[in-house]
Each structure stands twice: as C-alpha cells, then as structure tokens.
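Hi,

Here is the structure I promised to pass on. Have a look first, and my notes follow below.

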Amino acid sequence: MEMEDSPTRLRGKPSWLVSKASARAHRLIGEAMAAASGRAYHFAILAALDEFGPDSQVRIGQRCGIDQSDMHTMLNELTAQSHVARTPDPSDRRRNLIILTPSGQRRLEVLDTTLSEVQDDLLNALSGTERHQLTMLLTRVLD
C-alpha cells in the first residue's frame, strides 16, 4: 500500500508512521542480513560484547532486548561460527561468560557495514542533518 492510498487521519498519526517505518526497516534488515548470512540478533549480541566486554548470557539478552530462549539459539549459532566463546566466569565458576572472538570482531564489522547500508536505503529521502535529527528525536521518545 502506498502512503497516498492511506487515509489522511492515519498519515497524520506519528504512531502509525513509526509503525510503518518500523515494518519497512524490519523487512530491509531481514533481507540484508539474509544476504550476509546473518541475523539482526547476531549484530546486537556482537555489538554488546564489543562495547561492554564479556558478560553473562542473561545480561547480554537484557542489554539487547532479546528473549532468553532466542539468546540461547543465537549464542549457539555464534559459537558454532566461532564468533563468540563461552568461558568460565572467574568470579563464579558456576556460570559462563560470553566473549567476543577475533572472528566475531571481524563479523561485527561486516554486519555493521551491512546495517549502515540499510540505514542509507531506509532514510534515503532525508539529509544527513535530518537523519541525525530523527535519531535524536526517536531517542528522546524512547528515553
């Protein structure tokens, strides 16, 4: 459905517009990640490990907003691909820490580039200043 085919009252509601933009972003990300043999959750997990360092599966899931059952699946995939590794937590031997491997760091860079291209596609109608402004406004809404 084209925007102009939608009722004006809908097009005037930011919540509807955000929902439609989100659906488009989700589709574009899914397509780009599939082409890169990856998943958006992989990027989120690798990015969290890169920024915050080794952590527990639970804490990474909380940081990324990923359900624990999905976290288990994603970590198994990333472990099988040698992008992350599990290591005993030195402060509590009963739990593991998830660590980013050098392969995972390289994979993060590839997925980051892929997602940057999606941003360019999604926001191609906006200038750099407008993109920054949109990011700041959405951040305020979510905070």
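**What I found**

Ala36 counts as buried, since its relative accessibility is 17%; for the labels, buried is under 20% relative accessible area, exposed is over 50%, and partly exposed is in between, with a 1.4 Å probe and protein chains only. Ala36 sits in the loop between α2 and α3. Its C-alpha atom is 21 Å from that of Asn124, and the two residues are 88 apart along the chain.

Before you dig in, some housekeeping. This is a predicted model, so local features need pLDDT of at least 70 and side-chain atom pairs count only at pLDDT 80 or more, while totals for chains, interfaces and linings use all residues. Residues are numbered from 1 along each chain as its sequence is written, and side-chain values use heavy atoms, with hydrogens and water left out.

**Overall layout**

The protein chain has seven helices and two strands, in the order α-α-α-α-α-β-β-α-α along the sequence. Helices (H or I, at least four residues) and strands (E, at least two) are DSSP runs, numbered from the N terminus. The C-alpha trace spans about 60 × 30 × 30 Å along its principal axes. Of the 143 residues in the protein chain, 28% are buried.

**The core**

Which residues have the most contacts inside the largest nonpolar core? They are Ile45, Ile60 and Val84, in a core of 18 residues. Two or more residues come from each of α3, α5 and α6, and α3 gives the most, with five. A nonpolar core here is a set of buried Ala, Val, Leu, Ile, Met, Phe, Trp, Tyr and Cys residues joined through side-chain atoms within 4.5 Å.

**Salt bridges**

The rule is a side-chain nitrogen of Lys or Arg within 4 Å of a carboxyl oxygen of Asp or Glu.

- Glu77 pairs with Arg39, the closest N and O atoms being 2.8 Å apart. This pair links distant parts of the chain: Glu77 is in helix α5 (residues 68-80) and Arg39 in the loop between α2 (14-35) and α3, 38 residues apart. Arg39 is partly exposed, because its relative accessible area is 40%.
- Asp89 and Arg95 meet through their side chains at 2.6 Å, N to O. Asp89 counts as buried, because its relative accessibility is 3%, whereas Arg95 is partly exposed at 35% relative accessible area.
- Arg94 forms a salt bridge with Asp92, and the closest N and O atoms are 3.0 Å apart. Arg94 counts as exposed at 77% relative accessibility, while Asp92 is partly exposed at 22%.

**Surface patches**

Patches are made of residues with over 30% relative accessible area and no salt bridge; like charges are joined within 9 Å, and nonpolar side chains (Val, Leu, Ile, Met, Phe, Trp, Tyr) within 5 Å. Accessible areas come from the Shrake-Rupley method with a 1.4 Å probe, and for residues only the protein chains shown count as cover.

On the charged side of things, Asp50, Glu51, Glu109 and Asp112 gather in a patch of negative charge on the surface. Lys and Arg count as positive and Asp and Glu as negative, with His and the chain ends not counted; the place of a charge is NZ of Lys, CZ of Arg, CG of Asp or CD of Glu. Both α3 (40-52) and α6 (102-122) supply at least two residues of this patch. Glu51 belongs to helix α3 and counts as exposed, because its relative accessibility is 61%.

There is also a nonpolar surface patch of about 220 Å², made by Val18, Leu134 and Leu138. Leu138 lies in helix α7 (residues 128-142) and counts as partly exposed at 38% relative accessibility.

Where do the positive phi values turn up? Ser37 has a phi of about 55 degrees although it is not a glycine. Ser37 is in the loop between α2 and α3, and it is exposed, with a relative accessible area of 60%. Ser82, also not a glycine, has a positive phi near 65 degrees. Ser82 lies in the loop between α5 and β1 (84-89) and counts as partly exposed at 44% relative accessibility.

Cheers
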